[in-house]
Amino acid sequence: IADKREGIGVCGWILVSLSFFLVLITFPISIWTCIKVIREYERAVVFRLGRILSKKAKGPGLILVLPCTDTFIKVDLRTNTCNIPPQEILTKDAVTTQVDGVVYYRILSAVSAVANVADVHSATFLLAQATLRNVLGTQSLAQLLAGREEIAHSIQAILDSATEQWGIKVAHVEIKDVRIPMAMQRAMAAEAEAAREARAKIVAAEGEMNASKALKQASMVLAESPAGLQLRYLQTLTTLAAENNSTIVFPLPVNMLESFRQKNRGG
């Protein structure tokens with residue numbers, strides 16, 4: 001809306017004067033048609049002879065509307081929701097997905113919302129739909145799945161900048177769901193399973209290597225101390241007896257084995 005407005009002219013003032021005169025001669029009956037009630041969450045944009053009466057919207061409360069010369073449009077200032085239906089989107093890495101979302105917005109300037117755009121709600125819906133497709137088309141599938149918050153903030157900034165001249169304030173944008181084809185889901189699941197199996201094999205191999213190193217060190221220690229080997233036998237016997245009482249193990253001392261070997265060699 002231009003800041004400078006021309007007057008309504010002489011003919012316009014004559015019509016307005018006649019309208020006032022009509023109200024006066026038909027008072028108090030005319031007062032019921034001239035006074036309008038605007039709710040707290042509403043604003044009224046009043047047109048007098050086709051021109052906006054002032055730069056600011058009227059309300060809340062009582063406003064005076066002259067018959068024949070004045071018309072008004074009510075604008076709801078409460079937050080509106082814009083459900084974006086599922087959009088077929090081709091991501092940056094050539095994966096077809098379906099994405100839907102929701103946009104929360106409200107009208108800050110009733111005059112701009114009425115005078116600058118024919119249908120502010122339809123225009124906001126179509127712009128949100130196009131912006132969602134354009135922004136998500138520049139993202140890969142991994143970025144889309146992992147960075148929903150950042151993408152939503154980016155869409156919100158673009159919408160807020162584009163709808164500023166319409167008197168719209170975009171409060172929040174939320175990406176509700178991302179649907180990918182079943183074949184892609186199975187491929188992603190197989191890839192994740194293979195990655196987990198590879199990590200499990202690496203961990204198992206590292207465990208075997210560490211265990212072999214520990215056994216090597218233990219064998220070296222036991223080789224230096226025969227008495228330690230006997231203690232280890234006794235400890236193993238205690239462990240087996242605690243786990244299974246029906247199992248009885250009689251360890252044979254190593255020195256007896258050495259004596260048997262010497263006898264066999266002598267014989």
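Select helices α4 and α6 to begin, where α4 passes α6 in a right-handed crossing (a crossing is right-handed if the near helix is turned clockwise from the far one by less than a right angle, and left-handed if anticlockwise). The model is a predicted one, in which local features need pLDDT of at least 70 and side-chain atom pairs count only at pLDDT 80 or more, while totals for chains, interfaces and linings use all residues. Residues are numbered from 1 along each chain as its sequence is written, and side-chain values use heavy atoms, with hydrogens and water left out.

Helix α4 covers residues 120–136 and α6 residues 148–162, and they pack at an angle of about 135 degrees with their axes 10 Å apart; helices here are DSSP runs of H or I with at least four residues, and strands are E runs of at least two, numbered from the N terminus.

Next, select Arg78 and Tyr41: the charged end of Arg78 sits over the ring of Tyr41, 3.9 Å from its centre, the criterion being NZ of Lys or CZ of Arg within 6 Å of the ring centre and within 35 degrees of the ring normal.

Then move to the loop between β2 (42–48) and β3, where Leu49 is placed; Leu49 has a positive phi of about 55 degrees although it is not a glycine. Finally, select Gly59 and Pro60, which are joined by a cis peptide bond with omega about 0 degrees, Pro60 lying in the loop between β3 (51–52) and β4 (61–64).

Key
Axes are lines fitted to C-alpha atoms, for helices over the stretch in contact, and angles run from 0 to 180 degrees between N-to-C directions.
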